[in-house]
Amino acid sequence: MWSQEVLALSRRWLLMTLRERLNLLFSVLQPAVWLVFFAGGLGGAVDARVVGTADYIAFAVPGVIAFTVVGNGVTAAMPLLFDKETGYLDKLLSMPIRRSSLIVSRFVFQVGMNAVQVLVILLVALALGVRPASGAAGVLAILAATALLTLALTAAAMALACAVPSHGTFFAITGFASLPLLFMSNAFVPLTAMPGWMEVVARVNPLTYAIEAMRLLVLRGWGGGVPVSLGALGVASALLLAVGAWQFTRQTSHRIT
């Protein structure tokens, strides 16, 4: 059954992660450290009239979550990349399993991993005095936005991993693109404070809509902008998923013929 294939492959990703427990521990805690030192350190230097709130830590929580998902999106594609280079991907494809189970299992694992990190970030934010205006239900909506963003970025990274000839090229491209992708969004600066050209770029960046939805949930509650932002994020995720699935099918069909 397809679900059994997905669960078996997800278990493989989990076991690979659990083998490096120290790496896992630091990976889970690192975003919370960013929140404490980055947002806590900059909070006193930020003009509350520009960001729209006197609580910069609350303002930065969605940005730190997006930062985490961007990094994890790159990490999510690495096992596929190394499987391709070592030939293990060909062995998987020679087995009687569906190609879609390979992609979906990676999404399942990554969504779970990101959810744990988001909960740690929110718990640390809670300890620092941040109280989401949307309440407990808002936390679930934040997790849903994180899952959609994970889907989009993991699909893009996996498409890239399939397309490039080696892991060196993959890391060169992702290393070059990751920070501009983050800074060309409203992660740590509102759109209204950006130069005009940067605001235009930020408005076509899927991160902007994920961050906007989460920020509204943290600072304003259930406002009219939340469904709009989640809808835009859902469309972007669907498009990137389609690109990722097409690229994976194209590359893997070529490898086993």
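Reader: Before we start, what does exposed mean here, in relative accessible area?
Author: Exposed means over 50% relative accessible area, buried means under 20%, and partly exposed lies in between. Please keep in mind that this is a predicted model.

Reader: Then Val-200: buried or exposed?
Author: Val-200 counts as exposed, because its relative accessibility is 57%, and the cut-off for that class is over 50%.

Reader: And where is Val-200 placed?
Author: Val-200 belongs to helix H9, which runs over residues 196–202. Its C-alpha atom is separated by 9.8 Å from that of Ser-185, a residue 15 places away along the chain.

Reader: Let me change topic. What does UniProt say about residues 22–251?
Author: An unreviewed UniProt entry places the feature "domain: ABC transmembrane type-2" on that span.

Reader: Which residues carry the annotation "transmembrane region"?
Author: According to the unreviewed UniProt entry, they are residues 21–44, 56–82, 103–130, 136–163, 170–189 and 224–246.

Reader: How far apart are the ends of 103–130?
Author: The end C-alpha atoms of residues 103–130 are 36 Å apart, and the span is 89% helix with 0% strand. For residues 170–189, the end C-alpha atoms lie 28 Å apart, and that span is 70% helix and 0% strand.

Reader: Now the packing. At what angle do H4 and H10 pack?
Author: Helix H4 (residues 56–86) and helix H10 (residues 206–219) pack at about 145°, and their axes are 8 Å apart. Their crossing is right-handed.

Reader: Which residues of H4 and H10 meet?
Author: From H4 these are Ala-58, Phe-59, Pro-62, Gly-63, Ile-65, Ala-66 and Val-70. They meet Leu-207, Ile-211, Met-214, Arg-215, Val-218 and Leu-219 of H10. By class, eleven residues in this contact are nonpolar, one is polar and one is charged.

Reader: What about the largest nonpolar core, which residues touch the most other members?
Author: Leu-35, Ile-65, Leu-149 and Leu-207 do, in a core of 37 residues. The elements that give it two or more residues are H2 (21–42), H4, H6 (99–127), H7 (135–163), H10 and H11 (225–255). H4 gives the most, with eleven residues.

Reader: What is Leu-35 in contact with?
Author: Apart from neighbours within four places in sequence, Leu-35 is in contact with Gly-40, Ile-57, Val-61, Val-64, Ile-121, Val-124, Ala-125 and Leu-128. There is also a second, separate core of 21 residues, which includes Phe-109, Ala-155, Met-158 and Val-164.

Reader: You named Leu-128 there. Where does Leu-128 lie?
Author: Leu-128 sits in the loop between H6 and H7. It is partly exposed, because its relative accessible area is 39%. Leaving out residues up to four places away in sequence, Leu-128 touches Leu-35, Val-36 and Ile-57. Leu-128 and Gly-138 are ten residues apart in sequence, and 18 Å lie between their C-alpha atoms.

Reader: Which residues does Asn-114 contact?
Author: With neighbours within four places in sequence set aside, Asn-114 is in contact with Val-69, Asn-72, Thr-146 and Thr-150.

Reader: And Ser-229, what does that one touch?
Author: Ser-229 touches Tyr-209, Glu-212 and Ala-213, not counting residues up to four places away in sequence. Ser-229 lies in helix H11 and is buried, with a relative accessible area of 5%.

Reader: Last one: which helix holds Leu-89?
Author: Leu-89 lies in helix H5, residues 88–94. Leu-89 is buried, with a relative accessible area of 3%. The C-alpha atoms of Leu-89 and Pro-79, ten residues apart along the chain, are separated by 9.6 Å.

Notes
Residues numbered from 1 in each chain as written. Predicted model: local features only at pLDDT ≥ 70, side-chain atom pairs only at ≥ 80, totals over all residues. Heavy atoms only, no water. UniProt positions renumbered as here; feature names shortened; annotations may be inferred. Axes fitted to C-alpha atoms, helices over the stretch in contact; angles between N-to-C directions. Helix = DSSP H or I, 4+ residues; strand = E, 2+ residues; numbered from the N terminus. Left-handed = near helix turned anticlockwise from the far one by under 90°. Contact = heavy atoms within 4.5 Å. Nonpolar A, V, L, I, M, F, W, Y, C, P; charged D, E, K, R; others polar. Core = buried A, V, L, I, M, F, W, Y, C linked by side-chain atoms within 4.5 Å. Buried < 20%, exposed > 50% of the residue type's maximum accessible area, 1.4 Å probe, protein only.
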